[in-house]
Number of protein chains: 2
Amino acid sequence: MAEHFLGHFFPSTQFSSDDWQMITNAFKQVRYAKDDHLLREGATANHYWFVESGILRSYAIDPKGHDLSLDFFTRGDVAIDWSSFLQQKPTRENIQALTEVVCWRLDFATFQQFFHGFEPFREAGRARLVGSYFALKRKNVSMIADQAKDRYRKLMVERPDLLQQVPLKQLASYLGITDTSLSRIRKEIMEES
Amino acid sequence: MAEHFLGHFFPSTQFSSDDWQMITNAFKQVRYAKDDHLLREGATANHYWFVESGILRSYAIDPKGHDLSLDFFTRGDVAIDWSSFLQQKPTRENIQALTEVVCWRLDFATFQQFFHGFEPFREAGRARLVGSYFALKRKNVSMIADQAKDRYRKLMVERPDLLQQVPLKQLASYLGITDTSLSRIRKEIMEES
DNA sequence: CTTGCTTCTTGCCATAGGACAAGACATTCC
DNA sequence: GGAATGTCTTGTCCTATGGCAAGAAGCAAG
């Protein structure tokens, strides 16, 4: 039991053996091929996914038709649209596999049952949501206070795993710039060293 | 009971009369004068505040020393730093009264007790947090997809209450621009009509 | 009334980053 | 292999917004 992949996500020691069994059994391992969509705009998110391996991306299409990367998910992250999932309303986002991906999936009804039924599950879930909120807030401040080059530098430090595997165009929209500008920024950083 | 101001924040009908009594008694009415601080950078948020009247602002000082407005709170909002409050860690933000303010304050320990003890309280709290998260996400997308003038126009529609009472400089940093640019944008919008 | 202090506007110039188009590679598919 | 497609770079020019400084206009204090 203790070796279950979900042990990375929940403090299994805080559950009774039976409860832990019930929880791990409720998650279903699922695999996706590159470019598969886990969630599409307009649908109501009925699941979330703990990521075991691979890279996922959430994105939206803005009014001018541009593809905007909203977030990336890698091993240990939870791929989720919090608003759509928790409010059970249609999403404006898409979640897509950028590589082959292995996840553990939970549906909303079971999530609710665990959330209200198990205090440690609840605390863990709330902590995840607050963590996402905090990360988003930091990104917001960075968008206002930092120049594009600095934002890219931070990404190099904080998410080096993304740099090699995600197309520049998708990274660029995440940073709030065009792929052209990102290309130039990369060149400048190269020349500095 | 049903007339208590907190009826705006919680579905009182979902609590027993006794529970509702206990909850409303736990909130304490507090008043602040213009420019008072409710929370200062470095402290750990031990309360949150439901706003009955007045305007509050949260802000941070960026590495270059600039004052960045993060959010504004008016009647019906909850003034809170979610990360600091829920994770009980030091905040990077400040919360300040921009006018005279009347709020209802709750401390963390009592919040935790209610959160784990009352399912409707829990759902309401989670919904608030998700709402904040969603608003922040929309702001993020707007920062990337919209020009400054469009962001200001949206603010005019969505938060008209702020326009007259908040100094332009504080609105400008919220929009991610300088007060100079905001002044020009306002002029352009004036001339369009 | 006068002296400040803050807020808002305006002018001039500088610059980060965008738009568009073309080329250089790399990858996949037949 | 060759064609098609997608990714990344680069050049030229353009525009939104910033930086700085000087007025103007409101408000507060002596």
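In which helix of chain A is A:Ser83 found? Keep that question in mind while you set up the view. Residues are numbered from 1 along each chain as its sequence is written, while chains are lettered from A and ligands numbered from 1 in the order in which they are written. This is a predicted model, in which local features need pLDDT of at least 70 and side-chain atom pairs count only at pLDDT 80 or more, whereas totals for chains, interfaces and linings use all residues.

**Stop 1: chain A as a whole**

The C-alpha atoms of chain A fill a box of roughly 60 × 35 × 30 Å, taken along the principal axes. A compact globule of 193 residues would have a radius of gyration near 16 Å, and the 18 Å of chain A agrees with this; the radius is taken over C-alpha atoms, and the globule rule is 2.2 Å times the number of residues to the power 0.38.

Buried residues make up 30% of the 193 residues in chain A. A residue counts as buried if 20 or more other C-beta atoms lie within 10 Å of its own, as exposed if 12 or fewer do, and as partly exposed in between, with C-beta atoms placed from the backbone.

**Stop 2: A:Ser83**

Now select A:Ser83, which is found in helix α2 of chain A. A:Ser83 is buried, with 21 other C-beta atoms within 10 Å. If you leave aside its neighbours within four places in sequence, A:Ser83 is in contact with B:Val130, B:Tyr133 and B:Phe134, where contact means that the C-beta atoms of two residues, placed from the backbone, lie within 7 Å.

**Stop 3: where the two chains meet**

Show chain B beside chain A, and look at the contact, which takes 25 residues from chain A and 25 residues from chain B. On the side of chain A that touches chain B, α2 (82-87) and α4 (119-145) each supply at least two residues, and α4(A) gives the most, with 15 residues. That side of chain A divides into 13 nonpolar, seven polar and five charged residues; Ala, Val, Leu, Ile, Met, Phe, Trp, Tyr, Cys and Pro count as nonpolar, Asp, Glu, Lys and Arg as charged, and the others, Gly among them, as polar.

How are the two chains related? Chain A can be laid on chain B with an RMSD of 0.0 Å by a turn of 180° and a shift of 0.0 Å along the axis, which is the relation of a two-fold axis. The copies are superposed by least squares on the C-alpha atoms of residues with pLDDT of at least 70 in both. Because 100% of the interface residues of chain A are also interface residues in chain B, the copies meet through the same surface.

**Stop 4: the strands**

Return to chain A and select β8(A), residues 101-107, which pairs in the antiparallel sense with strand β1 (residues 28-32) over five bridges. Two strands count as paired if DSSP finds at least two bridges between them. Along this pairing, A:Tyr32 stands opposite A:Val101. Six bridges also join strand β3 (residues 47-53) of chain A to β8(A), again antiparallel, and there A:Trp49 stands opposite A:Arg105.

In chain B, select four strands in the order β1-β8-β3-β6, which form an open antiparallel sheet. The edge strands of this sheet are β1 (28-32) and β6 (78-79), each of which pairs on one side only.

**Stop 5: the DNA**

Finally, select DNA strand C and the 16 residues around it, of which A:Ala148, A:Ser181, B:Pro167, B:Leu168 and B:Ser183 come nearest. A residue is near a strand if its C-beta atom, placed from the backbone, lies within 6 Å of it. The largest share of this surface, six residues, comes from α8(B).

Then move to DNA strand D, which also has 16 residues around it, with A:Pro167, A:Leu168, A:Ser183, B:Ala148 and B:Ser181 coming nearest. Here α8(A) supplies the largest share, six residues, and by class the surface has four nonpolar, six polar and six charged residues.
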